[in-house]
Amino acid sequence: MSRSDTVWRTWGRTEVATPERVEEPSHASDIQALVREAADRGITLKPLGAGHSFTSIAVTAGVQLRTDRFHGLLSADVDQGLVTLGAGTRLADVPALIGYYGLAMPNLGDIDRQTLGGAVSTGTHGTGSRFGGLATQVAAVQLITGTGELITVSEEQNADLLDAVRIGLGALGVLVSVTLRCVPAFALAASERPEPLEAVLADFEQRCDHADHFEFYWFPHTATALTKTNTRLPADTALAPRGRLSRFVDDTLVSNELYRGLCAVEARVPRLTPAVNRLAVRATGNRSFTDRSHRVFTTRRTVRFREMEYALPRAAVPAALRAIDRMIKDRNLRVSFPVEVRSAAADQLWLSTAHDRLTGYIAVHRYHRDRDTERFFDAVEEILLDHDGRPHWGKLHTLTAGQLREKYPRFDDFLAARDRLDPNRVFANPHLDRILGS
């Protein structure tokens, strides 16, 4: 299927592209033919997931390749805990597909609209200092290289490439399928509480160590952290989920519809922001419930925003957040969206933001119609870089290849893998040229 004259936008309305044409292939052989055609014509081809990256990582003036037809469960090995899914499968669909076999993903982020391929390629993560990002769950992939070759990368085949392709940024090939290493299904007991921000920062590392999954949100112009602590429980635990009315009020009316209206008001009248943020803190959850893991990890989000997130050495998070608070006050900024703080285990993936260090994450957001987003993000980025930060690959930042090389010991190894898998730069675009070099 081929279409032309299509205007494509990211979910956060940060990027727009008008590709030469859009292709929605159904078989790996179709992708191989398209890649070879692009290479012969000297144009680029970019695989596209759900458009939930805030960067221009998927932008192309050439062929845009949508992976929606590569979805669903392809195989399951319950004894080994391995499941293979099409790379275009939405994260939201995975729990039902693998839950039939009594399996679950070990961890998830709080948004599940992304495709599996897009989420792992950009380093999507959840929270929990004993758990890595989604890409650490990847045991194998099938991908089509820049020369049109279909290869398997696993611990048995092309093993030297596995830690590169797990977070490949769309620069190494088109993911066709992804094999995940899963765990037995489990429940989560969730405790969500407002607490004094300074007390949470003072005890941040201990709370990360003592909880299975800990995170918090902080609305600027307030002194309150909205904490979320999740405890893993066996799958046969008696569940006490939120009721349908409670979910509708909290997730639809308050967190989305009401909040969208308040953000629109604040964008027009910024001086109201501190008062609105204090109201948001009072209206947001003080609750406990127990449910299946994916229902606790993920949250429905419909208010469009823009996001910057940096990974820091975990111990640096409290000082960095205090510096952001001071900067907002000193510059008299008005910031309506909350700041999100999470953590993750160290791993050895070449371009993982948690490569070789226990990691904390600070994510800042702005309503997509706010006018001073760039000013705020630039100031936050300066602070996070001062604390040895690494930018999330799917979120806004200004770094270039030279700066990123200093942050990743295996950066040049990744570039060598790129030379091997995409020698003619079929998958290149200006964004990859900036962060990887041409």
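Because the model is predicted, local features need pLDDT of at least 70 and side-chain atom pairs count only at pLDDT 80 or more, while totals for chains, interfaces and linings use all residues. Residues are numbered from 1 along each chain as its sequence is written, and side-chain values use heavy atoms, with hydrogens and water left out.

Helix H10 covers residues 317-330 and helix H11 covers residues 373-386; helices (H or I, at least four residues) and strands (E, at least two) are DSSP runs numbered from the N terminus. The two helices pack at an angle of about 145°, with their axes 10 Å apart. Here axes are lines fitted to C-alpha atoms, for helices over the stretch in contact, and angles run from 0 to 180 degrees between N-to-C directions. The crossing of H10 and H11 is right-handed, a term for a near helix turned clockwise from the far one by less than a right angle, left-handed being anticlockwise.

On the H10 side, Ala 320, Ala 323, Ile 324, Met 327 and Ile 328 meet Phe 376, Ala 379, Val 380, Ile 383 and Leu 384 of H11; contact means heavy atoms within 4.5 Å. By class, this contact has ten nonpolar, no polar and no charged residues. Ala, Val, Leu, Ile, Met, Phe, Trp, Tyr, Cys and Pro count as nonpolar, Asp, Glu, Lys and Arg as charged, and the others, Gly among them, as polar. An α-helix has 3.6 residues a turn, so residues three or four places apart point the same way.

The buried residues of H10 include Val 317, Pro 318, Leu 321 and Asp 325, where buried means under 20% relative accessible area, exposed over 50% and partly exposed in between (1.4 Å probe, protein chains only). The 14 residues of H10 should span 20 Å at 1.5 Å a residue, and its end C-alpha atoms are 20 Å apart, which agrees; the expected span is 1.5 Å times one less than the number of residues. Just after H10, Asn 332 takes a positive phi of about 55°.

A nonpolar core is a set of buried Ala, Val, Leu, Ile, Met, Phe, Trp, Tyr and Cys residues joined through side-chain atoms within 4.5 Å. The largest has 110 residues, of which Phe 216 and Ile 362 touch the most other members. H10 gives the most to this core, with seven residues. Apart from it lies another core of 15 residues, among them Leu 34, Phe 70, Val 426 and Phe 427.

Two loops hold aspartates with positive phi. Asp 356, in the loop between strand E19 (339-344) and strand E20 (359-367), has a phi of about 65° and is exposed, with a relative accessible area of 52%. Asp 388, between H11 and strand E21 (390-391), also has a positive phi of about 65°, and at 40% relative accessibility it counts as partly exposed. Most residues other than glycine have a negative phi.

Leu 351 is found in the loop between E19 and E20 and counts as buried at 0% relative accessibility. Its contacts beyond four places in sequence are Ile 167, Leu 169, Trp 393, Tyr 408, Phe 411 and Phe 414.

Ala 87, in the loop between strand E8 (82-86) and helix H2 (94-99), is buried, with a relative accessible area of 2%. Its C-alpha atom is separated by 9.0 Å from that of Gln 142, 55 residues apart along the chain.
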